[in-house]
Amino acid sequence: MKPYAIHIPNGTRDALYGECRTRRNIENALVDMFEQRGFSEIITPTLEYYDTFVRTGNTLPEEEMYKVIDRDGRILVMRPDLTTPIARVYATKIRDVSELHRFYYIRNIFRSGHSLKGQETEITQAGVELIGSNSFKSDLEVISLAVSALKACDIEDFHIEIGHSGLFRSLLSQLECCDETAEEIRRYTEQKNFAALCDSLEPYSDMAAAQSLTKLTRMFGGEEILGEARSLAYDRESNECIDYLDLLYSELKSAGLANYIRFDLGLVNRINYYTGIVFLGYSEGIGEPVLTGGRYDGLTAAFGFETPATGFAININSIINHISTPQTEVPATIIHYETGRFGDALQILEDTDNGKCELSYCSSIEGTLDLAKRRNAKRVIVLSSSGQRKEFVANSDGVFL
Amino acid sequence: MNRLKIALTKGRLEKSAIELFEKAGIDCSPLREDTRRLIHTLPTEPLDILLVKAQDVITYVEHGVCDLGIVGKDTILEHGNSFFEILDLGFGACRFVLATKKGEDLYGKYRDIRIATKYPKVAKNYFEKMGMNVDIIKIEGSVEIAPLLGLADAVVDIVETGTTLKENGLQAVDDISRVSARLIVNIASMKINRTQIMEFVDKLDSVL
């Protein structure tokens, strides 16, 4: 038998020291912010029925879900996303249209990626869902929250890119093409594959909608895109989508967030899932979106109770992989205690005013001073059996005097 | 301004890509020197050129360590996942075909047929679309031999003129798809370096 015992599966990872600290700091900052803004944590099971994720017409391919068979022979999956379970909880346990419910989570999802492509299979996602309102204000709130959340993750040079699924949908519906062609057009738009898109739209080339669709692949950038997009939108529905984005932008701008906002009107990933605005977060130096979100008014209906909802998720792994992790933190103080002084040592340890403290495991004072030097500690407190307390402070060369 | 990194497929596509760049007024003189360097810095453009194998172009672009890449559609169909495929560069044109021994009736058999190919994913997708159940065997080179030796009933392979097929007694029975070199862009880089990338794209597009 091959010795797998010392390996971990492809796509998983162990984290140590600085990386764990960075991760915990980011998670704490996010939790503080979500809590402060009135969000409540929601915890759902890691394992759920396979049916739950199929029910929604979710476009995630079957082979990307990890499956487990339970005692009764039913198929379970390690959750591949967190929004679906939250929609399930809402539609089965809350069912309350009178209020907006704000939830947040920081949990792991599991996706069986391609082997040897460097993809991670266990990913920490931090996200929010606002369920129960289709208002402009909830879209506004969720986008501004996305900006704050990426700021809390301590990444620089990021932006949120917004699109509107209604625009593509309304243009596409005018072609009255079959599902297969529609999917082809969607895929080429997503890939910004201009040449192939033109080929697919060739049979419709005399229609204004087809000409607008070919232009969508290049409709990304700053605020000016909205102006350009006006020329594409000639019917009421697509004009409304652009009005909506315009209004969103002017509110975000008035809140001083304009620098973080861009647009991509060719944003059509998972178009059957999103029903209104869609957005992605990008950061300098990270080759994939760090945040994905949008409005998904149809999702809870899959579980028997229709409610509008919006939210986003941050891929914590991709952020961690690109943040330089701090060095191991050094203890400010090391406490050396002799027989009978353990209680006093614990008292010093518990006093948070002393900063980061460690107990010495050495039996001699020399040993402790040596340890303090290796660990770069600033101070050594010695509690001797005779009841004395001595303090050694490191000079600039790290020597204890 | 960031320096962009572009990964070129070594070999046949590399030559045509450099010709295209020069036609677009991009000085590629460092690539004309006979060196074993793998990364070349262009003197007049904020562009670094990397010469790598076709599959690696996709890997580097998907991970975002290269912003752009030039790679054949054949490699994209077999190994591609998520990036923008923004230009069809036209060169490196060939096609994927299904070919059998001359005179063989592929569809009249009462058993699953066996397909030899260097491109198992392309073959699998094709037969799924055709609604046929087939047994696919991966062969690393000269797949034409497999039907001749009786290992497979047919091959899915890439052909330019069809001469190799003909000389080995095979005939194309169906066209699967057209293949040529493509310019691909990392999804995040496209958004972050928009102006720079679109300028480069337009520059190439204008001489295509």
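This is a predicted model: local features need pLDDT of at least 70, side-chain atom pairs count only at pLDDT 80 or more; totals for chains, interfaces and linings use all residues.

Modeller: Residues are numbered from 1 along each chain as its sequence is written, chains are lettered from A and ligands numbered from 1 in the order in which they are written, and side-chain values use heavy atoms, with hydrogens and water left out.

Colleague: How much area do chain B and chain A bury between them?

Modeller: Contact means heavy atoms within 4.5 Å, and here 26 residues of chain A and 23 residues of chain B take part. Buried area is the accessible area (1.4 Å probe) that two parts lose on being put together, summed over both. Carbon and sulfur atoms carry 47% of the total, which is about 1900 Å².

Colleague: Which residue of chain B forms a salt bridge with A:R218?

Modeller: A salt bridge is a side-chain nitrogen of Lys or Arg within 4 Å of a carboxyl oxygen of Asp or Glu. The rule finds three across the interface of chain B and chain A. For A:R218 the closest N and O atoms are 2.8 Å apart, and the partner is B:D202.

Colleague: How far apart are the centres of domain 1 and domain 2 of chain B?

Modeller: Domain bounds come from an automatic or database domain assignment. In chain B this gives domain 1 (4-92 + 180-206) and domain 2 (94-178). Taken over C-alpha atoms, the separation of their centres is 31 Å.

Colleague: Which three residues supply 61% of the area that domain 1 of chain B buries against domain 2 of chain B?

Modeller: The two domains touch through 10 residues of domain 1 and 10 residues of domain 2. Together they bury about 820 Å², with 43% of it on carbon and sulfur atoms. The three residues of domain 1, which supply more than any other three, are B:D74, B:L77 and B:E78.

Colleague: Which residue forms a salt bridge with B:R12?

Modeller: Between domain 1 and domain 2 of chain B the count is two salt bridges. In the bridge of B:R12 the closest N and O atoms are 3.9 Å apart, and the partner is B:E160.

Colleague: How many residues of helix α3 of chain A are buried?

Modeller: Helices (H or I, at least four residues) and strands (E, at least two) are DSSP runs, numbered from the N terminus. Buried means under 20% relative accessible area, exposed over 50%, and partly exposed in between (1.4 Å probe, protein chains only). The buried residues of α3(A) include A:I86 and A:Y90, and they pack against β2 (47-49), α2 (50-55), β5 (101-110) and β6 (122-131) of chain A. Of the 12 residues in this mostly covered helix (residues 83-94), the buried number is nine.

Colleague: Is A:L257 buried or exposed?

Modeller: A:L257 lies in the loop between α10 (236-254) and β9 (261-264) of chain A. Not counting residues up to four places away in sequence, A:L257 touches A:S144, A:V147 and A:L252. Because its relative accessible area is 13%, A:L257 is classed as buried.
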